[in-house]
Amino acid sequence: MCPAAVSTRPSETAAAPPELLAALAPPPPGPAVAFVLRLGHALHRHGTPAHRLEGLMQRVSERLGLEARFFSTPTSIFASFGPAEDLRTSLIRVEPGDMDLERLILLDTLADDVIQGRLTPSEGATRVEAILARPPRYGPALQLLCWMLAGASAAILFGGGWKEMGVAGFSSLVIGLVDLATRKQPTTARVLEPVAAVLSAAFAGIAAHFFGPLHGEVATLAGLIVLLPGLTLTIAVNEVATRNLISGTSRLTHAALVFLQLGFGAALGSRVATVLPPVPVGPLPAVVPTSAAVAALVVAGFAIAVLFRARPRDWGWIALAGAAAFGGARLGTLLLGPQLGAFVGALLLGIGSNALARLRNRPSVTTVVPGLMLLVPGSVGFRSLASLLERDVVAGVDTAFSMLLVAVALAAGLLSANAIMPPRKVL
């Protein structure tokens, strides 16, 4: 007796067991999957938070007819394609890179072109690689200048004077040189934060010895402004608030570790002043006028735009967003207190950025991220750690709690802005 033939007619296949149906299911389209994976990898490398990354990848997959699920952490992306009973999963290991606003805009535009059929997924995947291979828009000289300008302007915004501005600008310039020299060497790049803190604190102590009294904490803190993980902390709280618990917790841990490294380095660098001969103690320098603070705010916006690699055409919008956020936060602080002041600043920043994004059809991240840099609680966290290292536990814990409240207020302000003025784009 010959064995019965297996029929594959539709009426009989429909009655087949689920295992057979899964085996007979066609594989997901290769070019579409390749484009989604390359797009997600590129977005992750340039600073996209988990909730925005997963949302954009899900949107692109749906428009390309893919059934997909995504899970992002700060160092990896899991992507599964196909029905639940026959998932095909890819794991992408990602080394987090620097924020690059221009590339994020180009990748967002590319996703729109593929979704709307102006490019095929194969062409889109090739275009992703071309975007990543683009040379940096700004050279090392301009980046170093912006490191120096960021430190100098931060000293003014933190309430320092001309001495603090000069010391912080010099410290930040040297730290920028160290960053450029070690960027391509992973083993040395991982110790940038403690080395930078040692240098900043040491320069502040030496300057106070040779050039007269100054606010050492302000000079040290402003010199480290680019490395303070306040933005990482704010993004982490935002991810936790959007139920991306693993990614948010990982970022919180990373931010805490960076704070510890900076605190250790600052404590070590401050010991340099103790080996120098004592000098007579004089009055501290006076605070600079308000007009200088306004100029420092404009300069800080320019420096942040270059360090985040924004396009020159976006510099004006970034400066306007930063001024609105900073002004709203200061006004809110005067009327409601520091925590609610941060909420007001983030709310104004989010509403304005989303409205501008709807008008220009561009991602709101272009102005949100640089604007947040003027509001993030990195300086508060550094002061908290400094108090703990000086064994002032009560002040340290109180300041750390204030830092967390400011981060929560920023995240709440951005979420409220998205509810009041929803953006058209995920980014």
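Predicted model: local features only at pLDDT ≥ 70, side-chain atom pairs only at ≥ 80, totals over all residues.
1. The largest cavity holds about 60 Å³ of space.

2. Cavity lining. Which residues line the largest cavity? They are S353, L356, A357, R360, R362, P363, S364, T366 and T367. Two elements give two or more residues each to this lining: α16 (338–360) and α17 (365–373). Helix α16 supplies the largest share, with four residues.

3. Three of its residues are nonpolar, four are polar and two are charged.

4. Helices α15 and α17. Helix α17 also packs on helix α15 (residues 315–336). The angle is about 50 degrees, and the axes lie 8 Å apart.

5. Residues between α15 and α17. From α15 come W317, I318, A321, G322 and A325. From α17 come T366, T367, P370 and G371. By class, the contact of α15 with α17 has five nonpolar residues, four polar ones and no charged ones.

6. Helices α3 and α4. Helix α3 (residues 30–45) packs against helix α4 (residues 50–63) at an angle of about 160 degrees. Their axes are 10 Å apart. Why is α3 called roughly antiparallel to α4? Angles over 145 degrees count as roughly antiparallel, and the angle here is about 160 degrees, so the label applies. The α3 and α4 crossing is right-handed.

7. Residues between α3 and α4. On the α3 side, the contact uses F35, V36, L39, G40, L43 and H44. On the α4 side, they meet L53, L56, M57, V60 and S61. Eight residues of this contact are nonpolar and three are polar, with no charged residues.

8. Helices α7 and α8. Helix α7 (residues 140–157) and helix α8 (residues 162–182) pack at about 145 degrees. Their axes are 7 Å apart. The crossing of α7 and α8 is right-handed.

9. Residues between α7 and α8. Helix α7 contributes P140, Q143, L144, W147, M148, G151, A152, A155 and I156. Helix α8 contributes E164, M165, A168, G169, S172, L173, I175, G176, L177, D179 and L180. How do the residues of this contact divide by class? There are 13 nonpolar, five polar and two charged residues.

Terms used
Residues numbered from 1 in each chain as written. Heavy atoms only, no water. Axes fitted to C-alpha atoms, helices over the stretch in contact; angles between N-to-C directions. Parallel < 35°, antiparallel > 145°, perpendicular 65-115°, else oblique. Left-handed = near helix turned anticlockwise from the far one by under 90°. Contact = heavy atoms within 4.5 Å. Nonpolar A, V, L, I, M, F, W, Y, C, P; charged D, E, K, R; others polar. 1 Å grid on protein atoms, 1.4 Å probe; cavity = no way out; pocket = protein on both sides within 12 Å on 5 of 7 lines; lining within 4 Å. Points joined across faces, edges and corners; volume = space filled by probe spheres on them.
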